[in-house]
Amino acid sequence: MAHLLCELDVRIAMAGLADQDGFSLTMTQEDFADCLGLSSVHVNRTLAELRGRGLATWRAGWVEIHDHAGLVALASFNPAYLRADAAPI
């Protein structure tokens, strides 16, 4: 889940739709759970853990990343595979 939040942050920022604190995510936690193949209960508990660690919150359709470095470390996220520097096709 942390990895997907990191990826969404990068992709949405590439589209110019994020700011330094976070991004809009209008899907529900149930939709997010379906994307990840998890139960909505597990997603809710994991989001509570991310919030408790001071990494990220998701409220009213807005994901706020409080600690980018911490979230990236937790997810072992490396955005290189997204090829953000590649020219559009």
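Student: How many aromatic pairs does the count come to in this predicted model?
Tutor: In this predicted model, rings of Phe, Tyr and Trp are taken as a pair if their centres lie within 6.5 Å. By this rule, the count of aromatic pairs comes to two.

Student: Is the pair of Phe32 and Trp58 stacked or edge-to-face?
Tutor: A pair of aromatic rings is described by the distance of the centres and the angle of the planes. For Phe32 and Trp58 the ring centres are 5.1 Å apart and the planes stand at 75°. Planes over 60 degrees apart count as edge-to-face, so the pair of Phe32 and Trp58 is edge-to-face.

Student: How many residues apart in sequence are the parts that the pair of Phe32 and Trp58 ties together?
Tutor: Phe32 belongs to helix 2, which covers residues 29-36, while Trp58 belongs to strand 3, which covers residues 56-59. The pair therefore ties together parts whose separation in sequence is 26 residues.

Student: Are the rings of Phe77 and Tyr81 stacked or edge-to-face?
Tutor: The centres of the rings of Phe77 and Tyr81 are 6.4 Å apart, and their planes are at 80°. Because planes over 60 degrees apart count as edge-to-face, the pair of Phe77 and Tyr81 is edge-to-face.

Student: What is the relative accessible area of Tyr81?
Tutor: Phe77 is buried, with a relative accessible area of 8%. Tyr81, by contrast, is partly exposed, and its relative accessible area is 45%.

Student: Are helix 1 and helix 4 parallel or oblique to each other?
Tutor: Two packed helices are described by the angle between their axes and the distance between the axes. The axes of helix 1 (residues 2-14) and helix 4 (residues 68-75) come within 8 Å and cross at roughly 130°, in a crossing that is left-handed. With that angle, helix 1 and helix 4 are therefore oblique.

Student: How many residues of the contact of helix 1 with helix 4 are nonpolar?
Tutor: Helix 1 contributes Ala2, His3, Leu5, Cys6 and Asp9 to the contact, and helix 4 contributes His68, Leu71, Val72, Leu74 and Ala75. Of these residues, two are polar and one is charged, while the number of nonpolar residues is seven.

Student: Are helix 2 and helix 3 parallel or perpendicular to each other?
Tutor: The axes of helix 2 and helix 3 (residues 40-52) come within 8 Å and cross at roughly 105°. The contact is made by Gln29, Glu30, Phe32 and Ala33 of helix 2 together with Ser40, Val43, Asn44 and Leu47 of helix 3. Angles of 65 to 115 degrees count as roughly perpendicular, so helix 2 and helix 3 are roughly perpendicular.

Student: Which residues does Trp62 touch, not counting residues up to four places away in sequence?
Tutor: Trp62 lies in strand 4, which covers residues 62-65, and is partly exposed, with a relative accessible area of 31%. Not counting residues up to four places away in sequence, Trp62 touches Asp19, Gly22, Phe23, Ser24, Leu25 and Thr57.

Student: Leaving aside neighbours within four places in sequence, which residues are in contact with Ala13?
Tutor: Ala13 has its place in helix 1 and, at 43% relative accessibility, counts as partly exposed. Once the neighbours within four places in sequence are left aside, the residues in contact with Ala13 are Leu8 and Ala18.

Technical notes. Residues numbered from 1 in each chain as written. Predicted model: local features only at pLDDT ≥ 70, side-chain atom pairs only at ≥ 80, totals over all residues. Heavy atoms only, no water. Phe/Tyr/Trp six-rings, centres within 6.5 Å; stacked < 30°, edge-to-face > 60°. Helix = DSSP H or I, 4+ residues; strand = E, 2+ residues; numbered from the N terminus. Buried < 20%, exposed > 50% of the residue type's maximum accessible area, 1.4 Å probe, protein only. Axes fitted to C-alpha atoms, helices over the stretch in contact; angles between N-to-C directions. Parallel < 35°, antiparallel > 145°, perpendicular 65-115°, else oblique. Left-handed = near helix turned anticlockwise from the far one by under 90°. Contact = heavy atoms within 4.5 Å. Nonpolar A, V, L, I, M, F, W, Y, C, P; charged D, E, K, R; others polar.
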